[in-house]
Amino acid sequence: MTATPAAPGRRERNKQEKLDRIIAAAGRLFAERGVGEVTTQEVADAADIGAGTLFFYARTKGELLLMVQNALYADALEKGRGAAEALDDPAAALLAIAAPVIHCNRTQVENGRTYLREMVFGDPAEPHHAKAREIVAETERVMAETIARTTSAPAERAAVLAHIVSAILFLAMSTSPAGTDVGIIEQDVRRQVAALIPSSSV
């Protein structure tokens with residue numbers, strides 16, 4: 001007989017409630033003004049907690065941004081995964097995965113660039129950084145599965161191709177000028193993916 005998991009205690013509920021307030025406050029402020037224009041004290045005030053309490057959850061603004069953006073990127077990946085499942089053309093399916101991620105990254109350009117920078121250069125032992133890297137790994141896994149499903153590539157080659165496509169996507173998002181339209185970034189990714197995995201539909 002399987003035991004019913006114990007309900008979280010008051011302390012855990014309080015921690016989660018504070019975390020939810022922090023994510024909501026930081027997400028709102030970062031979306032309105034960009035991560036560079038927001039102070040940690042402003043986030044703490046908006047979340048109705050002390051600065052010391054905020055530090056317990058995130059030591060820097062970069063970690064705060066990772067905390068906020070990780071959920072958005074995970075949702076974008078799920079949206080892309082769902083769109084790709086309906087496509088049999090490999091390049092078109094890969095672009096379907098990439099498109100929501102690009103839109104997520106460019107919703108607020110400064111936030112998107114800072115997120116990518118924190119993902120690469122942040123503390124690898126920090127939980128929010130580790131979660132961001134997990135999302136990257138999951139993106140590559142989804143892409144590899146898509147390549148294997150839509151081509152004759154064996155699993156090992158599909159994984160290599162997915163890694164290359166992921167790098168193309170990362171560079172397209174991180175190096176495009178601030179005023180670059182999302183459609184232009186998608187076109188850049190489409191052009192490179194078409195060269196890697198030819199397709200009449202791209």
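By class, seven nonpolar and five polar residues line the second largest pocket, with no charged residue among them. Here Ala, Val, Leu, Ile, Met, Phe, Trp, Tyr, Cys and Pro count as nonpolar, Asp, Glu, Lys and Arg as charged, and the others, Gly among them, as polar. The structure is a predicted model, in which local features need pLDDT of at least 70, side-chain atom pairs count only at pLDDT 80 or more, and totals for chains, interfaces and linings use all residues. Residues are numbered from 1 along each chain as its sequence is written, and side-chain values use heavy atoms, with hydrogens and water left out.

The second largest pocket holds about 200 Å³ of space. A pocket is an open set of points on a 1 Å grid over the protein atoms alone, where a 1.4 Å probe fits, with protein on both sides within 12 Å along at least five of seven lines; lining residues have an atom within 4 Å of a point. Grid points are joined across faces, edges and corners, and a volume is the space filled by probe spheres set on the points. The lining includes G27, F30, L65, Q69, C104 and N111. α1 (10-33) and α4 (61-85) each supply at least two of its residues. The largest share, five residues, comes from α4.

The largest pocket has a volume of about 350 Å³. Its lining counts 19 residues, and L116, M119, V136, S166 and F170 lie nearest the centre. α6 (109-121), α7 (127-150) and α8 (155-175) each give at least two residues to this lining. α8 gives the most, with seven. The lining divides into 14 nonpolar, three polar and two charged residues.

The protein chain has nine helices and zero strands. Helices (H or I, at least four residues) and strands (E, at least two) are DSSP runs, numbered from the N terminus. The C-alpha trace spans about 55 × 55 × 25 Å along its principal axes. Of the 202 residues, 42% count as buried. Buried means under 20% relative accessible area, exposed over 50%, and partly exposed in between (1.4 Å probe, protein chains only). Among contacts (heavy atoms within 4.5 Å) with a separation of 6 or more, 69% join residues 24 or more positions apart.

One backbone feature concerns D48. D48 lies in the loop between α2 (40-47) and α3 (51-57). D48 has a positive phi of about 60 degrees, although it is not a glycine. Most residues other than glycine have a negative phi. D48 is exposed, with a relative accessible area of 63%.
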